[in-house]
Amino acid sequence: RVELTWNLNHRHSLRFVYAPIGFSGSGSFATPVRFAGGTFAPGSPVDSDYKFDSYRLTYRYLLHESDRWRWRIGATAFIRDAKVELRQAGRVASDSNVGFVPLLSAGVEYAIAPRWTALIDFDGLVSTQGRAIDAAAKIRYDLSDAWYVSAGYRVFEGGVDNERYAFGWYYFALISLGARF
């Protein structure tokens with residue numbers, strides 16, 4: 001995960017985040033599976049690749065600031081680049097798309113000690129068509145006024161409920177390198 005933050009002035013900021021997710025695996029199906037125009041036989045090895053890269057541009061407004069606390073709210077333009085591919089005995093089926101989702105955004109920071117900050121980041125929105133939620137609890141260490149590293153726990157969940165029903169739910173540790181301008 002890579003983060004770039006621009007402090008436009010004391011109250012307004014922009015943040016760009018690139019967060020790639022990818023998995024590969026092998027297995028077999030118990031019954032025939034039809035996916036993206038291909039049919040995959042049961043009992044034979046199937047290789048798979050899953051990619052869900054996300055790009056986010058977030059605007060946040062500083063609602064509250066004290067010696068230790070900062071509370072921000074805003075909006076995020078979320079672009080996802082998704083692809084699922086299955087391969088079996090020379091057959092390949094792939095489904096990919098790029099899409100835009102507007103999200104609400106919030107962040108809470110608590111200054112633990114000089115250069116150390118605990119924070120919670122949230123981007124998400126729920127509608128009748130589906131939902132997207134990306135939340136993280138992190139500890140950040142400021143390497144300098146411009147550079148920081150953070151580590152924590154991230155939950156990424158969402159999908160759509162339409163003709164192409166798809167939901168994913170991921171939990172993982174994260175490490176971020178960031179820069180402020």
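The chain exposes about 10600 Å², and carbon and sulfur atoms supply 63% of it (Shrake-Rupley method, 1.4 Å probe). This is a predicted model: local features need pLDDT of at least 70, side-chain atom pairs count only at pLDDT 80 or more, and totals for chains, interfaces and linings use all residues. Residues are numbered from 1 along each chain as its sequence is written, and side-chain values use heavy atoms, without hydrogens and water.

**View 1. Twelve strands make up the elements of the chain.** There are zero helices and 12 strands (DSSP runs: H or I of at least four residues, E of at least two).

**View 2. Trp-116 and Tyr-141 form a tilted aromatic pair.** The centres are 4.7 Å apart, with 50° between the planes. Rings of Phe, Tyr and Trp (its six-membered ring) pair if their centres lie within 6.5 Å; planes under 30 degrees apart count as stacked, over 60 as edge-to-face and the rest as tilted. Trp-116 is in strand β9 (residues 116-126) and Tyr-141 in strand β10 (residues 130-142), 25 residues apart. Tyr-141 is partly exposed, at 27% relative accessibility (buried is under 20%, exposed over 50%, partly exposed in between; 1.4 Å probe, protein chains only).

**View 3. Trp-169 and Tyr-171 are a stacked pair.** Their planes meet at 25° and their centres lie 5.8 Å apart, so the pair is stacked. Trp-169 is exposed at 54%; Tyr-171 is partly exposed at 46%.

**View 4. Arg-140 lies over the face of Tyr-148.** The distance to the ring centre is 5.7 Å (rule: NZ of Lys or CZ of Arg within 6 Å of the centre and within 35 degrees of the ring normal).
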